[in-house]
Amino acid sequence: MIDGPFFVLVVAGVLGAGLMAGVFCAFSVFVMRGLAALPPAQGVAAMKAINVAAVRPPFMTVFGGAAVLSAMIAVVTFVVWPGDGTVELLLGSALYLFGSFGLTVVANAPRNDRLARLTPGAPEAAVYWPVYVREWTFWNHVRTAASAASALVYVLALT
């Protein structure tokens with residue numbers, strides 16, 4: 001049974017992954033749909049503003065903190081090798097580190113960077129906007145599922 005400081009670490013991991021699943025889910029379910037309904041120039045301008053606002057301490061603390069917690073859980077699991085919950089703890093860490101944090105780095109952030117270089121009313125922005133919305137949202141769905149699955153398997157490790 002997981003207890004003591006390791007229990008607290010895993011509970012913090014559940015909260016971090018769960019919070020990120022909620023943020024990603026909100027974007028997939030209604031924010032991106034709302035932005036996609038706007039004319040391209042407005043959608044591009046709004047998403048650029050959101051991307052700037054996201055890279056601030058409140059969001060980055062939860063997003064990066066959940067990655068640090070996941071890495072710590074994996075390391076402690078290898079050191080302690082608790083027996084019960086080992087597979088779930090390692091799987092939860094992998095899901096968040098690769099399926100959420102890693103995907104952000106290789107899939108969502110590069111699209112955000114490309115969008116940031118565009119002028120909202122430019123023809124190139126109008127052409128890229130529907131592609132951006134489709135691709136970014138697809139990868140965000142994956143991040144949502146990975147974060148939620150991470151939180152779930154961490155909880156299973158505690159039972």
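Helix α4 passes helix α5 in a left-handed crossing. This is a predicted model, and in it α4 and α5 pack at an angle of about 165°, with their axes 8 Å apart. Angles over 145 degrees count as roughly antiparallel, and α4 and α5 are therefore roughly antiparallel to each other. Helix α4 spans residues 86-116, and α5 spans residues 123-158.

Helix α5 also packs with helix α1, which covers residues 4-36. The axes of α1 and α5 come within 8 Å and cross at roughly 155°. The angle again falls in the range over 145 degrees, so α1 and α5 are roughly antiparallel to each other. Their crossing, too, is left-handed.

A further packing involves helix α2, residues 40-54, and α4. Here the angle is about 120° and the axes are 10 Å apart. That makes α2 oblique to α4, because the angle belongs neither to the roughly perpendicular range of 65 to 115 degrees nor to the roughly antiparallel range over 145. On the α2 side, the contact is made by V44, M47, K48 and N51; on the α4 side, N112, L115 and A116 take part. The crossing of α2 and α4 is left-handed.

These helices belong to a protein whose secondary structure comes to 5 helices and 0 strands. Read from the N terminus, the order of elements is α-α-α-α-α. Along the principal axes, the C-alpha atoms fill a box of roughly 60 × 25 × 20 Å. Of contacts between residues at least 6 apart in sequence, 81% join residues at least 24 apart. The protein has 159 residues, and buried residues make up 38% of them.

Leaving aside residues up to four places away in sequence, G43 touches L35, L38 and W129. G43 can also be set against A126: the two residues are 83 apart in sequence, while their C-alpha atoms are 9.4 Å apart in space.

W129, one of the residues touched by G43, is also part of an aromatic cluster. The cluster is formed by F27, Y128, W129, Y132 and W136. Another of its members, Y128, has R114 lying over the face of its ring. The distance from R114 to the ring centre is 3.9 Å.

The structure holds 9 aromatic pairs. In one of them, the rings of F138 and W139 have their centres 4.9 Å apart. Their planes stand at 75°, and planes over 60 degrees apart count as edge-to-face, so the pair is edge-to-face. F138 has a relative accessible area of 46%, and W139 has a relative accessibility of 29%. Partly exposed residues lie between the buried limit of 20% and the exposed limit of 50%, so F138 is partly exposed, and W139 is partly exposed as well.

Terms used
Residues numbered from 1 in each chain as written. Predicted model: local features only at pLDDT ≥ 70, side-chain atom pairs only at ≥ 80, totals over all residues. Heavy atoms only, no water. Phe/Tyr/Trp six-rings, centres within 6.5 Å; stacked < 30°, edge-to-face > 60°. Buried < 20%, exposed > 50% of the residue type's maximum accessible area, 1.4 Å probe, protein only. Lys NZ or Arg CZ within 6 Å of the ring centre and 35° of its normal. Axes fitted to C-alpha atoms, helices over the stretch in contact; angles between N-to-C directions. Helix = DSSP H or I, 4+ residues; strand = E, 2+ residues; numbered from the N terminus. Parallel < 35°, antiparallel > 145°, perpendicular 65-115°, else oblique. Left-handed = near helix turned anticlockwise from the far one by under 90°. Contact = heavy atoms within 4.5 Å.
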